[in-house]
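User: Could you walk me through a few features of this model, one question at a time?

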Amino acid sequence: MRTISRLSRFNIASLALGLAFLYLPILILVIYSFNASRLVTVWGGWSLRWYHEFFADRAMIEASWMSLRVAVASATIATLLGTLAAVALSRGERFRGRTLFSGMLYAPLVMPEVITGLSLLLLFVALNAERGFWTVTIAHTTLTMCFVAVVVQSRLGSLDRSLEEAAMDLGCAPVRAFLSVTLPLIAPAIVAGWMLAFTLSLDDLVIASFTTGPGSATLPIRIYSEVRLGVKPEINAICTLVIALIAVVIIIASVASKLSSSQGESAAPL
Amino acid sequence: MSARRIFARPARFAAIAPYVWMVLFFLVPFGFVLKISLSQTAIAQPPYEPVFDLTAGWTAIRAAFAALSIDNFRLLASDDIYVFAYLRSLTVAVTATALLLLIGYPIAYGMARLPKRWQAVAMVLVIVPFWTSFLIRIYAWINILQHDGLLNQILLALHLVSQPVVWLSTDTAMYIGIVYSYLPFMILPLYATLAKMEPALEEAASDLGAPPGAVFWLVTFPLSLPGVGAGVLLCFIPIVGEFVIPDLLAGSNSLMIGQTLWLEFFTNKDWPVASAAAIALLVMLLLPLLFYERLQRRQLEEQ
């Protein structure tokens, strides 16, 4: 009972207001995407008109396809590299250049995107690389692998190390112990890392604007140039579709982590 | 040799691939930014000179080095537009971070006091908006704040105002957008420290006769300072270089440094000045970045 009595009315009010502030704008956006009226602010009844408009808009569809491809490719590479980085940082003990390594991994998490975007573009120009799908993918990988590394590293840090040590005492080689003991236990974090990398890539405007080339705009670049011209109901529909896609991704991620964490608990006493 | 040490050796090899990647795509590019910030604009492809050509021989490279100059930085320091942009970026970041702390703290505090089962739910509810697109969340606010948007409709219906209020293209709109976008980054580190705090400490203080205000300011708040520090850095650093939010929600008469960088690069095609602005922005953020890096490392490596 004590835990409940600790909640004051002020606590409940600030929680309720805070959550309302976070969710109401998105909710309003979703509702208005089903508005039949061309005027964004006048309610003209329910309609799927703006969704039809989106699917007829070739440029938007192409941009969405480009964004999805970049997001899948960069999230996959980033998950691989980020997981390796996390393993090195949390299990590698001390090694030469470790401070530089962790600095390079943590700095992009807060680095203003205009700096990251500009610096990568200048590199691509100096290398004379053709800008498009691959340059954006490389740029997004560089940003998102740091998020993956942090997510996986914090899971590795909270893991009981005696499990993998027991496997090795019983004769497992280190790599084998990692693959058959550690990897299954950190799988939920790896899945969550991939999902996070995917949504971050899908979301990014600034870095993609710098690193893409003519004719290969991503969805945020298209949305941004439309939004600058004013509010259009079609944009509401696109945004709702993106939110729906991300919601599906989150649900899959949480189900996956539930499944493997219950596995993890049953594996733990072994 | 202990199992832990044997395990560490192959684990270190795991660093090679991400290490090479980050050196190539994070560290080396800064060298290019620095070099181009010392170059001059040119009507050429790429639009700056000198261009280092390693095949051109030693004298050509020496000449290229001699052509580098700090003119762009002189321009930044002497032109009011850039000086104001810097000052504005700092003011906006300080104000917005203070607002975020003021709004985020009560929410994080409320979360930490929920029953354990509900804390996990509340945390998911705070994280989910962070997963929805940044641009979409700003766009959602344009919908609400525009001239005949929902906010003005409600205010008019309640007879709180007699004419629609201009919200868009104002600093108010920009601060709403920043607070809205960065709130999860403030709440989560605050919640993490508040949830770890021993409730017995607060109870002891109030059992000894401290009024609730004193309990908060003498016990709770000082103990939550690590979380405050993390939240403040996590918000302050990116807000200083913010581009999208001021561009879409604030007026265009006073720009932040991220906006001038964008403008120089995309509109004026002045890559050297844009690079110089990036270097100057980086210098301004160096200290907070170092603090942040130390905090992050301590948090992840001393579990």
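**Contacts and packing**

Analyst: Happy to! Leaving aside residues up to four places away in sequence, B:Ala274 touches A:Leu118, B:Leu261, B:Glu264 and B:Phe265. Please keep in mind that this is a predicted model.

User: Is B:Ala274 buried or exposed?

Analyst: B:Ala274 sits in helix α15 (residues 271-301) of chain B. Its relative accessible area is 0%, and under 20% counts as buried. The answer for B:Ala274 is therefore: buried.

User: How far apart are the C-alpha atoms of B:Ala274 and B:Thr260?

Analyst: Along the chain, B:Ala274 and B:Thr260 are 14 residues apart.

User: Which residues form the salt bridge across the interface of chain A and chain B?

Analyst: The contact takes 104 residues from chain A and 96 residues from chain B. The rule finds 1 salt bridge across this interface. With the closest N and O atoms 3.7 Å apart, the pair falls within the 4 Å cut-off. The partners are B:Asp247 and A:Arg228.

User: What area is buried between chain A and chain B?

Analyst: Carbon and sulfur atoms give 78% of the buried area. The total between chain A and chain B is about 9,000 Å².

User: How are α4(B) and α5(B) oriented to each other?

Analyst: Helix α4 (residues 71-78) and helix α5 (residues 80-112) of chain B have axes 5 Å apart and pack at an angle of about 70 degrees. Angles of 65 to 115 degrees count as roughly perpendicular. So α4(B) and α5(B) are roughly perpendicular.

How values were computed:
Residues numbered from 1 in each chain as written. Chains lettered and ligands numbered in written order. Predicted model: local features only at pLDDT ≥ 70, side-chain atom pairs only at ≥ 80, totals over all residues. Heavy atoms only, no water. Axes fitted to C-alpha atoms, helices over the stretch in contact; angles between N-to-C directions. Helix = DSSP H or I, 4+ residues; strand = E, 2+ residues; numbered from the N terminus. Parallel < 35°, antiparallel > 145°, perpendicular 65-115°, else oblique. Buried < 20%, exposed > 50% of the residue type's maximum accessible area, 1.4 Å probe, protein only. Contact = heavy atoms within 4.5 Å. Buried area = accessible area lost by both parts, 1.4 Å probe. Salt bridge = Lys/Arg side-chain N within 4 Å of Asp/Glu carboxyl O.
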